[in-house]
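Dear colleague,

Here is the structure you were expecting.

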Amino acid sequence: MPDNRPTLRPVVDDFFPSLPASIPPPGVSDPFGTQRALEPKGGLPQPARRVDNDFSRLFMGEMLVAVETLNVDAASFRQMEDAAGAGLSEAERDAAVAGAVVATVRERGKQHNPVTGSGGMLLGRVLQLAPGRVRDVVDVGDRIASLVSLSLTPLRIDQVKAVRRASAQIDVEGEAVLFASGAYAKLPPDLPERLALAVLDVAGAAPQVARLVAQRIAGEPTRVVTVVVLGAGGKSGVLCAAEARRTGGARVKVIGVEKHAPFASDLRGLGVCDVVAVTDACDPIAVRRAVLEANGGEEADLVFSCVNVPDAEMSAVLATRDRGTAYFFAMSTSFTKAALGAEGVGKDIDLMIGNGFARGHAEHSLGMMRQMPAIRALFEERYG
Ligand SMILES: NC(=O)c1ccc[n+]([C@@H]2O[C@H](COP(=O)([O-])OP(=O)(O)OC[C@H]3O[C@@H](n4cnc5c(N)ncnc54)[C@H](OP(=O)(O)O)[C@@H]3O)[C@@H](O)[C@H]2O)c1
């Protein structure tokens with residue numbers, strides 16, 4: 001009988017502090033993955049220019065994964081498409097995006113788009129769990145989605161098998177390593193894998209919408225709270241609009257801004273928005289006008305930017321009322337443009353960076369697929 005079990009990689013047996021712990025001295029592996037940072041050596045892997053993707057050996061606390069699909073960050077995918085140039089056939093454009101991903105991974109040891117700075121996440125199968133991990137809910141052979149960015153995940157691509165533009169997913173053969181501190185989700189048995197992967201990519205958005213909307217309506221007992229979502233017809237945009245409606249009910253007015261007419265039409269069909277404006281989120285004056293028109297001349301309390309393109313900062317700023325919050329989930333957001341732009345127009349508003357992580361975010365967002373059949377059907381059609 002041939003032995004088909006994968007060969008276990010040797011584990012570099014250095015000191016490994018149990019979580020939570022401070023970062024140990026250089027050269028020693030730790031839960032944050034500093035052992036894999038090559039440039040600068042011993043730093044954190046996300047800001048590193050290059051990481052070590054030699055998986056012939058593992059370090060304490062690492063999980064080795066056979067990678068099947070990369071879910072590329074939407075802003076990154078769009079940037080690579082744009083960089084490929086106009087006038088290409090679909091096949092040529094897909095090949096250009098795949099080529100850019102392969103080149104980045106070869107150069108950096110991770111899918112860390114040098115222009116957008118963002119990554120995405122992956123779907124794969126657990127090959128090996130090095131000692132030193134705590135709280136694992138998986139065994140070797142289980143299928144998982146990573147919940148930390150590809151921009152910090154050591155990755156090797158052996159082959160690109162397919163590019164699926166509609167979902168910004170790329171099927172590959174390769175391997176990756178997750179660190180002990182890196183969140184992941186075991187794929188749920190009741191949802192199609194590609195759907196789960198698409199939802200998990202933006203899992204941080206909806207729970208944070210729920211928090212912010214709940215806080216705001218608690219603080220405004222006599223008034224309807226207005227929520228604007230830019231890029232509301234996309235993946236995270238639909239989830240944000242739906243969550244605002246679910247949390248706020250009749251206490252919120254939800255205004256969706258979407259440029260792509262078919263996505264705006266899908267959004268209307270879901271019935272979660274009071275108004276859907278087909279407007280360019282990169283045109284701040286047009287967005288402000290659309291919001292004021294839809295909201296009786298008032299600006300919004302909460303504005304969520306979920307676009308996949310740069311230059312939407314000032315639309316969010318101009319649409320937000322005094323002491324309101326503009327929340328930038330989009331990776332295409334420039335901190336400088338948002339901060340200096342708000343100052344420039346004298347807007348005393350809170351500018352929030354969209355944290356990809358919120359406690360319980362995977363279950364929260366997958367739960368939306370189970371509880372909201374119309375959204376699940378739309379996402380299965382688009383991304384499943
Ligand atoms: N903070 C985090 O941790 C985190 C995690 C994951 C993703 N993200 C970011 O979240 C953003 C959205 O991701 P996603 O997966 O939801 O992307 P998506 O599905 O591609 O949605 C983006 C939507 O914005 C629309 N749009 C593009 N340009 C627009 C414009 N000028 N005006 C109005 N709408 C416009 C897009 O339309 P088209 O289809 O025509 O392009 C699409 O419907 C991305 O920037 C991504 O990087 C952040």
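**Ligand site**

The ligand is surrounded by 29 residues, and the closest are Asp-73, Ser-236, Asp-280, Ala-281 and Val-307. Please keep in mind that this is a predicted model.

By class, the shell around the ligand is made up of 12 nonpolar, 10 polar and seven charged residues. Two helices, α1 (74–84) and α5 (235–248), each contribute at least two residues to the shell. Of the shell around the ligand, α1 gives the most, with three residues.

- Lys-235: a polar backbone atom is 2.8 Å from an oxygen atom of the ligand.
- Glu-258: an N or O atom of the side chain is 2.9 Å from an oxygen atom of the ligand.
- Phe-329: a backbone N or O atom is 3.2 Å from a nitrogen atom of the ligand.

How much of the ligand does the protein bury? On its own the ligand exposes 920 Å², and the protein buries 89% of that.

**Helix pair α6 and α11**

Packed helices are described by the angle between their axes and the distance between those axes. Helix α6 covers residues 261–270 and helix α11 covers residues 373–383; their axes come within 10 Å and cross at roughly 155 degrees. Angles over 145 degrees count as roughly antiparallel, so α6 is roughly antiparallel to α11. The crossing of α6 past α11 is right-handed.

Regards

Note on methods: Residues are numbered from 1 along each chain as its sequence is written. This is a predicted model: local features need pLDDT of at least 70, side-chain atom pairs count only at pLDDT 80 or more; totals for chains, interfaces and linings use all residues. Side-chain values use heavy atoms; hydrogens and water are left out. A residue is near a molecule or strand if one of its heavy atoms lies within 4 Å of it. A polar contact is a pair of N or O atoms within 3.5 Å; within protein, one must be able to donate a hydrogen and the other to accept it, and residues adjacent in sequence count only if both atoms are side-chain atoms. Accessible areas come from the Shrake-Rupley method with a 1.4 Å probe; for residues, only the protein chains shown count as cover. Helices (H or I, at least four residues) and strands (E, at least two) are DSSP runs, numbered from the N terminus. Ala, Val, Leu, Ile, Met, Phe, Trp, Tyr, Cys and Pro count as nonpolar, Asp, Glu, Lys and Arg as charged, and the others, Gly among them, as polar. Axes are lines fitted to C-alpha atoms, for helices over the stretch in contact, and angles run from 0 to 180 degrees between N-to-C directions. Angles under 35 degrees count as roughly parallel, over 145 as roughly antiparallel, 65 to 115 as roughly perpendicular and the rest as oblique. A crossing is left-handed if the near helix is turned anticlockwise from the far one by less than a right angle, and right-handed if clockwise.
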